[in-house]
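User: I have a model open and want to go through it with you. Can you take my questions as they come?

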Amino acid sequence: MGILDLMLGKSDSGEHGVEGRSYKLPQDTHDFVYPIAIRRTELEAFVELLEADADAPSLDENAAELQDVFDDVLGETELDVSQLAEKQRTRRREIERLLDHWTDQVTEDIGVVYAREGTDQTLLSFVKHCTRRDKRDDDPFELPEEFAEGTALLKRLEAVTSDQYRAVVHTDLLPEQ
């Protein structure tokens, strides 16, 4: 048994007509990801956006009033403002963990981070939420000036996840889910 066998797991002869060896990595410690080149300024723009969203008044602060408005306008519906607020908090915590992890990894002006399947949609939905808030006259939320820096990352994420191969990395390199 060679050192690669010890490090990577069981080896088999190559599959699908590929000569050589292929390694079966434990699924509980490895995951498929997209390697993404990222600039520190792009990360900082997303962190600013996250902070601006957290600092502006949210559904939580007006949940009772909003629920009354929904009930008056829509009648007795299944729409629950407290559930919507919890969904927003959960999404914000998920994005915060991701950005914290990426910020720790990118210590220079540019670096590489790993994005799991769906990361692009998570960030995109958050950006859409923030842009909708910015357009509403009754919402005091404003997009930070640095917001444009982050849009380049979104475009790169979309391009990479739509047509690039995925890599396999150890889960120690990924943020907790």
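**Salt bridges and helices**

User: How many salt bridges does the structure hold?
Analyst: The structure holds ten salt bridges, where a salt bridge is a side-chain nitrogen of Lys or Arg within 4 Å of a carboxyl oxygen of Asp or Glu. This is a predicted model, in which local features need pLDDT of at least 70 and side-chain atom pairs count only at pLDDT 80 or more, while totals for chains, interfaces and linings use all residues. Residues are numbered from 1 along each chain as its sequence is written, and side-chain values use heavy atoms, with hydrogens and water left out.

User: What does aspartate 53 pair with?
Analyst: Aspartate 53 forms a salt bridge with arginine 92, at 2.8 Å from N to O. Aspartate 53 sits in helix 2 and arginine 92 in helix 4 (residues 81-105), so the pair ties together parts that are 39 residues apart in sequence. Helices (H or I, at least four residues) and strands (E, at least two) are DSSP runs, numbered from the N terminus.

User: Are aspartate 53 and arginine 92 buried or exposed?
Analyst: Both aspartate 53 and arginine 92 are buried. Buried means under 20% relative accessible area, exposed over 50%, and partly exposed in between, with a 1.4 Å probe and protein chains only.

User: Which residues are joined into one network?
Analyst: Salt bridges with shared partners join Asp53, Arg92, Arg133, Arg136 and Asp139 into one network.

User: What about arginine 40, what does its side chain meet?
Analyst: The side chain of arginine 40 meets that of glutamate 44 in a salt bridge of 3.8 Å, N to O. The two are four residues apart in helix 2 (residues 40-55), so about one helical turn separates them. Arginine 40 is partly exposed at 24% relative accessibility, and glutamate 44 is partly exposed at 41%.

User: Switching to packing. How do helix 2 and helix 5 cross?
Analyst: The axes of helix 2 and helix 5 (residues 119-135) come within 11 Å and cross at roughly 50°. Axes are lines fitted to C-alpha atoms, for helices over the stretch in contact, and angles run from 0 to 180 degrees between N-to-C directions. Helix 2 and helix 5 are therefore oblique to each other; angles under 35 degrees count as roughly parallel, over 145 as roughly antiparallel, 65 to 115 as roughly perpendicular and the rest as oblique.

User: Now helix 6. Which of its residues are buried?
Analyst: In helix 6, the buried residues are Phe147, Gly150, Leu153, Leu154, Leu157, Val160 and Thr161. Seen down the axis of helix 6, they fall within an arc of 140°, so they line one face of the helix. The arc is that of the directions from the helix axis to the C-beta atoms.

User: And what is exposed on the other side of helix 6?
Analyst: Ala148, Lys155, Glu158, Ser162 and Asp163 are exposed there.

User: Where does threonine 151 lie?
Analyst: Threonine 151 lies in helix 6 and is partly exposed at 26% relative accessibility. The C-alpha atoms of threonine 151 and alanine 45 are separated by 8.9 Å, although the two are 106 residues apart along the chain.

User: Last one, how many helices and strands are there?
Analyst: The protein chain has six helices and five strands, in the order α-β-β-β-α-α-α-β-α-α-β along the sequence.
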